[in-house]
Amino acid sequence: MVGPPRKKVSLDGQKILATGVRNRWYGIMPAKLIGDRPVALKRWDEDLVVWRSSNGDIYLQEDRCPHRGAPLSIARHDGDRLRCLYHGIEILGDGTVAKVPAIKDSILEGRCLVRTYPTKEYKGVIFAWYGDKLHLEPGPFELPDRLVSNQYEAILCYAEWRTPYRYMIDNNMDPMHGSFLHQVSHSMAEGSLDAEFEAFETNYGLRFQKKDQSDENFDWSEWYDNGIQCVILEIPYPPTGGPGGNFGIVFHITPIDPVTSACFFWRHRKVEGWVKDVWRFLYKNRLEERHWHVLEQDRLLAESIKPNADEHERLYAHDLGLSRVRRLICAEAESQVDVLKKAGLSI
């Protein structure tokens with residue numbers, strides 16, 4: 001046994017854990033899914049609208065007109081603003097009411113009445129800052145090196161799964177499951193079915209790895225928490241898998257609601273120059289279908305686990321990595337509750 005499944009937290013802490021810790025950047029959706037109309041979506045169990053202005057800027061706002069609550073996701077898109085269909089209220093990208101056409105000199109005009117989340121577009125994804133009441137201004141946007149270094153070429157895969165986000169973090173912090181769930185995979189058939197593990201802190205989180213085994217299977221996972229939360233891992237590839245050495249994944253997840261998640265997988269390899277083109281071609285034409293097959297195994301299992309399954313767990317040594325990350329996330333949630341309470345604010 002490696003201890004209780006999760007550190008006990010307060011009711012307010014549990015509310016935060018249900019939809020993701022605050023004061024982090026989260027992926028919202030692939031940028032290619034945003035066209036010339038507003039898009040309704042739910043993230044962090046909140047109804048939101050995302051839209052792109054005529055000059056290309058992305059805005060993420062609460063999906064509610066401040067006049068009578070009509071959804072802005074069905075509003076008319078007028079270049080730099082949304083015009084509510086119900087009474088024509090015009091909302092700018094920063095949430096300010098620009099015009100109330102039915103009444104002259106309305107007290108609503110010029111006021112910021114629609115919550116708007118800071119956004120960035122990078123690596124094919126729209127990201128947004130999810131801050132609490134003390135941190136509405138965004139913190140630094142610092143992705144792992146594997147997504148920013150020119151030494152790596154990353155390809156995005158996106159899926160929405162009916163599973164609590166915390167279970168997919170557990171899944172990716174569990175290298176041992178690759179030897180069982182994915183044992184018929186083209187890339188995870190090797191390596192011992194029994195292993196000893198070690199965990200140690202990194203500059204931005206925690207690394208959990210097998211002792212005395214490397215480049216054989218899914219041998220290690222690394223938790224990254226530096227303004228954005230990710231799990232980084234590598235899977236060794238045979239020479240038939242093409243150039244670039246090990247196949248890596250940066251996994252990031254955003255809670256849609258307490259039981260549904262938006263999953264972002266950047267598949268990457270260490271390639272430069274013309275080899276990047278070879279890798280992308282090989283991936284799209286030969287490897288992508290195999291990788292979706294592996295993800296489907298994860299999805300089927302994750303969606304089969306009950307949301308309260310962790311209340312009945314009996315963990316053992318191979319679960320040390322996910323257990324440590326759970327404790328880090330729980331401690332962060334409780335810390336955020338304490339800070340807000342000291343400031344006299346609710347979560």
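The following questions and answers concern a predicted model of one chain.

Residues are numbered from 1 along each chain as its sequence is written. Because the model is predicted, local features need pLDDT of at least 70 and side-chain atom pairs count only at pLDDT 80 or more, while totals for chains, interfaces and linings use all residues; side-chain values use heavy atoms, with hydrogens and water left out.

Reader: What radius of gyration does the chain have, and what would a compact globule have?
Author: The radius is taken over C-alpha atoms, and the globule rule is 2.2 Å times the number of residues to the power 0.38. For 347 residues the rule gives a value near 20 Å, and the chain agrees with it at 22 Å.

Reader: How many helices and strands does the secondary structure of the chain come to?
Author: Helices (H or I, at least four residues) and strands (E, at least two) are DSSP runs, numbered from the N terminus. On that basis the chain has 5 helices and 18 strands.

Reader: What percentage of the residues of the chain count as buried?
Author: Buried means under 20% relative accessible area, exposed means over 50%, and partly exposed lies in between, with a 1.4 Å probe and protein chains only. Of the 347 residues, the buried part is 51%.

Reader: Is α3 largely enclosed or exposed?
Author: The buried residues of α3 include Tyr165, Tyr167, Met168 and Ile169. Asp170, Asn171 and Asn172 are also buried. Since 7 of the 8 residues of α3 are buried, the helix is largely enclosed by the rest of the structure.

Reader: How much space lies in the second largest cavity?
Author: A cavity is a set of points, on a 1 Å grid over the protein atoms alone, where a 1.4 Å probe fits but cannot get out. Grid points are joined across faces, edges and corners, and a volume is the space filled by probe spheres set on the points. The whole structure holds 3 cavities of 30 Å³ or more. The second largest cavity has about 70 Å³.

Reader: Which element supplies the largest share of the lining of the second largest cavity?
Author: Lining residues have an atom within 4 Å of a point, and here they include Tyr165, Ile169, Trp223 and Phe251. At least two residues each come from α3 (165-172), β16 (229-235) and β17 (247-257). The largest share, 4 residues, comes from β17.

Reader: How many residues of that lining are nonpolar, polar and charged?
Author: Ala, Val, Leu, Ile, Met, Phe, Trp, Tyr, Cys and Pro count as nonpolar, Asp, Glu, Lys and Arg as charged, and the others, Gly among them, as polar. The lining of the second largest cavity divides into 9 nonpolar, 2 polar and no charged.

Reader: Which residues is glutamate 334 in contact with, leaving aside neighbours within four places in sequence?
Author: Glutamate 334 lies in helix α5 (residues 320-342) and counts as buried because its relative accessibility is 16%. Contact means heavy atoms within 4.5 Å. With those neighbours left aside, the partners of glutamate 334 are Val9, Ser10 and Gly13.

Reader: What distance separates the C-alpha atoms of aspartate 63 and aspartate 47?
Author: Aspartate 63 lies in the loop between β4 (58-62) and β5 (76-77), and is buried at 14% relative accessible area. Residues that aspartate 63 touches, beyond four places away in sequence, include Asp47, Leu48 and Val49. Aspartate 63 and aspartate 47 are 16 residues apart along the chain, and their C-alpha atoms are separated by 5.6 Å.

Reader: What is phi of aspartate 105?
Author: Most residues other than glycine have a negative phi. Aspartate 105 lies in the loop between β8 (97-99) and β9 (116-117), and is exposed, with a relative accessible area of 63%. Its phi is positive, near 55°.

Terms used: On a 1 Å grid over the protein atoms alone, a cavity is a set of points where a 1.4 Å probe fits but cannot get out, and a pocket is an open set with protein on both sides within 12 Å along at least five of seven lines; lining residues have an atom within 4 Å of a point.
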